[in-house]
Amino acid sequence: MTSSLPQHSSSSTTTTTTTTSNNNNNNTNLPSSILIVGSGLFGLSTAYALTRRHEFINTSITVIDRSDPSSQSTFPSPDAASIDTSRIVRADYADHAYAALCDEAQLIWRQQDKPTDLGAQGRYHETGLLVVGDATSAAPVADPPVEGGASESSHKKLTGMDYARKSWENVSSLASRDPMLAERIRELPNADAICEVLGTGGSSGAWGYINYNSGWTDAGASMAWLYEQVRQTGRVNFIAGTVESLEHDDTGVTGVRLQDQRVLTADLVMVAAGAWTGSFVDLDGQAVATGQVLGYLNITEEEQEILGKMPVILNLSSGLFIIPPTNRVLKVARHAYGYTNPQTVHFPPLPVSPTATSNCLVSIPRTSLHDPDLVIPAEGDADLRAALREMTPLPGLVDRPFTKTRLCWYSDTRTADFLIDYHPHWKNLFVATGDSGHAFKFLPVIGDKIVDCIQRNCPPEFKEKWAWKEGEGTKALFTEDGSRGGKPGLILEEELLKALSV
């Protein structure tokens with residue numbers, strides 16, 4: 001396509017499109033217009049995939065986000081989960097379907113011959129991933145996992161060690177077809193073997209393995225790459241604005257209302273707002289926004305020389321991980337149950353059905369973008385310090401003040417499966433959320449999978465996993481896939497107040 005990207009105009013009041021009469025669009029009756037709420041990983045990758053499908057050549061595509069797309073430094077929003085210095089790219093999963101999906105994605109991440117390749121220009125680094133588990137770890141006490149088996153690991157509550165061993169089996173199986181890949185995976189039977197591979201003088205876990213076929217990506221740079229690919233198609237209209245609520249009639253969703261009272265309409269509305277999705281749609285207890293702690297340290301040239309050679313290390317029992325530093329900045333983080341932030345919202349989300357009542361109490365992300373003085377809770381800070389002490393015990397590093405801390409907000413589901421499906425009770429509404437803190441690695445392929453789902457052709461291995469699940473709203477929601485550290489049930493405000501009371 002050679003047409004230029006439509007520019008956002010502040011004087012625009014309404015975008016109107018023709019509404020199709022069919023709710024569950026299929027390959028023979030596709031929407032003439034699609035409005036995507038959110039320009040994070042799911043939203044932007046879907047927009048890109050739509051532009052590459054011949055079936056949607058006559059479909060207008062609009063992406064709405066609270067950040068201004070004309071300012072590349074703030075688009076997507078800097079507090080979005082997809083914007084960060086780094087994200088792990090791993091086929092190391094206890095669930096074979098996700099392991100295979102990342103294996104597919106890595107074929108694209110590894111393409112680095114041209115500057116325009118996704119993995120080029122320092123966007124992808126295959127430094128290896130050291131996966132470990134603690135021998136004495138037990139799954140924290142929480143609600144039992146959902147019955148019915150949407151995930152391979154949901155029938156039994158896994159410990160971190162369980163997850164690590166299942167992951168070892170899956171990556172070994174995937175690598176077995178290629179001797180070169182198989183040579184890059186090695187079991188580490190004890191702490192001494194782990195210490196030797198880590199190369200920092202530290203260690204973690206009682207058993208693990210190293211997979212040099214995994215690594216990490218510069219998440220911010222990769223999202224900038226994706227945005228540029230979408231922009232160059234000339235097919236997608238980007239609009240800057242904050243969505244206030246979904247517009248609807250008695251049976252279906254017709255569009256969105258913005259804070260400035262503009263109304264945008266479309267045949268199909270896709271909500272892909274990450275941890276903010278629950279603010280717009282009552283997800284009936286299927287997903288909840290949880291905040292995860294991250295810390296960043298400035299390091300010396302000598303420390304960069306040592307730590308820059310380490311692999312990524314991930315302890316699946318504690319959830320703690322460290323990614324090799326770049327440009328003298330070291331990141332340490334925790335993949336945990338996280339903190340919820342329940343708030344009574346002024347504009348209730350769309351209820352579960354046209355006859356239901358909206359749930360006004362929603363866990364909403366709280367970020368430094370709107371609260372510059374926000375810090376991470378003391379218990380999270382202590383855990384990050386424990387990771388530094390254990391994994392990178394260089395002199396003077398453990399107690400060094402963090403240059404920056406951050407809460408990264410997941411959209412968590414019980415089984416860590418994504419939620420990618422049509423809404424069962426509202427016509428013309430599609431939801432793509434539930435990243436559960438592990439979606440970014442699928443950037444090269446997830447958009448195509450989501451478009452498959454829009455066309456009612458979900459990959460068979462994910463059809464049950466990603467489906468809308470009824471009747472979850474009465475259960476407490478904790479992600480129980482075996483990979484989470486920390487304590488379940490922590491409330492952000494309560495944890496922040498603890499620091500003030502000391």
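Residues are numbered from 1 along each chain as its sequence is written, and side-chain values rest on heavy atoms, without hydrogens or water. As the model is predicted, local features require pLDDT of at least 70 and side-chain atom pairs count only at pLDDT 80 or more, whereas totals for chains, interfaces and linings use all residues.

The protein contains ten helices and 25 strands, taken as DSSP runs (H or I, at least four residues, for helices; E, at least two, for strands) and numbered from the N terminus. Of its 502 residues, 59% are buried, that is, under 20% relative accessible area with a 1.4 Å probe and protein chains only. Among contacts (heavy atoms within 4.5 Å) with a separation of 6 or more, 76% join residues 24 or more positions apart.

Helix 2 (residues 96–109) packs against helix 9 (residues 443–454) at an angle of about 125°, with the axes 7 Å apart; the axes are lines fitted to C-alpha atoms over the stretch in contact, and angles run from 0 to 180 degrees between N-to-C directions. Helix 2 is therefore oblique to helix 9, a class left after angles under 35 degrees (roughly parallel), over 145 (roughly antiparallel) and 65 to 115 (roughly perpendicular). Leu101, Glu104, Ala105, Ile108 and Trp109 of helix 2 meet Leu443, Pro444, Val445 and Lys449 of helix 9.

The mean pLDDT, the predictor's confidence in each residue from 0 to 100, is 89 for the protein, and 88% of residues reach 70 or more. Over residues 1–27, however, the pLDDT is below 50, and over residues 139–155 the pLDDT stays under 50. Where pLDDT is low, predicted coordinates should not be read in detail.

How values were computed
Buried means under 20% relative accessible area, exposed over 50%, partly exposed in between (1.4 Å probe, protein chains only).
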